[in-house]
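Hi everyone, thanks for coming. I'd like to walk you through one model today, so please have the sequence and the structure open.

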Amino acid sequence: MTLAHAPADSRDLLRSAGLRVTNLRLSALDLVEAHPHATAELIFGELQQQHEGTSIQATYNVLNDLHGAGLLRRIEPAGSPARFERRIDDNHHHLICRNCGDLRDIDCAVGEAPCLAPSDTHGFILDEAEVVYWGLCPSCQTTTSTTTTTH
């Protein structure tokens, strides 16, 4: 993608966040939009195809810049590499399959951010709660049931 062909809103988004508009940043924004919950490695593979000579370090730098500017959300599920998403305008949570790693968004548990009320805030002003629900996706439930009944 060239700067001339990038969507105006992506360029404006970068500028309004105080970031210089570059092809790598524009491509990374598009890729994370197209692949919600993508790992840096997935984004790196795609960027390499679009921008010859792109390094893994450049990819991490771009993702960290976009995250630091509030244009990406980074989630770090236990036992999984960091993942990035463009859904940043709400306090949603995630469902993760323990077997295959499928990761899905789920709306806030109750009410609005932070969605949950702890028994004691220890004087903190709360603005976000991060909840990860773990279980088996429908596909893995079927596979697990089939495996269990045949063994």
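First, some housekeeping. This is a predicted model, so local features need pLDDT of at least 70 and side-chain atom pairs count only at pLDDT 80 or more, while totals for chains, interfaces and linings use all residues. Residues are numbered from 1 along each chain as its sequence is written, and side-chain values use heavy atoms, with hydrogens and water left out.

Let's go to the core. By nonpolar core I mean a set of buried Ala, Val, Leu, Ile, Met, Phe, Trp, Tyr and Cys residues joined through side-chain atoms within 4.5 Å. Buried is under 20% relative accessible area, exposed is over 50%, and partly exposed is in between, with a 1.4 Å probe and protein chains only. The largest nonpolar core has 19 residues, and the members that touch the most others are Leu-14, Ile-43, Leu-63, Leu-66 and Leu-72. At least two residues each come from helix H2 (23-34), helix H3 (40-50) and helix H4 (56-68). Which of these gives the most to the core? That is H2, with six residues. Helices (H or I, at least four residues) and strands (E, at least two) are DSSP runs, numbered from the N terminus.

Now the helix pairs. The H2 and H3 axes come within 10 Å and cross at roughly 130 degrees; axes here are lines fitted to C-alpha atoms, for helices over the stretch in contact, with angles from 0 to 180 degrees between N-to-C directions. That angle makes H2 oblique to H3. On the wording, under 35 degrees is roughly parallel, over 145 roughly antiparallel, 65 to 115 roughly perpendicular, and the rest oblique. From H2, the contact (heavy atoms within 4.5 Å) uses Leu-24, Ser-27, Ala-28, Leu-31 and Val-32, and from H3 it uses Ile-43, Glu-46, Leu-47 and Gln-50. By class, that is six nonpolar, two polar and one charged residues. Here Ala, Val, Leu, Ile, Met, Phe, Trp, Tyr, Cys and Pro count as nonpolar, Asp, Glu, Lys and Arg as charged, and the others, Gly among them, as polar.

How does H2 meet H4, and at what angle? Their axes also come within 10 Å, crossing at roughly 75 degrees, which makes H2 roughly perpendicular to H4. H2 brings Leu-24, Arg-25, Ala-28, Leu-29 and Val-32, and H4 brings Ala-58, Val-62, Leu-63, Asp-65 and Leu-66. That contact divides into eight nonpolar, no polar and two charged residues.

On to single residues. Leaving aside neighbours within four places in sequence, Ile-43 is in contact with Leu-31, Val-32, Ala-38, Thr-59 and Leu-63. Thr-59 sits in helix H4. Is Thr-59 buried or exposed? Its relative accessible area is 0%, so Thr-59 is buried. Beyond four places in sequence, Thr-59 contacts Ala-40, Ile-43, Phe-44, Leu-47 and Thr-54.

His-35 is in the loop between H2 and strand E1 (38-39), and is partly exposed at 30%. His-35 and Arg-86 are 51 residues apart in sequence, with 9.3 Å from C-alpha to C-alpha.

Last one: Leu-95, in strand E4 (residues 93-97), is partly exposed at 35% relative accessibility. Its C-alpha is 8.9 Å from that of Cys-137, 42 residues apart along the chain. Thanks, everyone!
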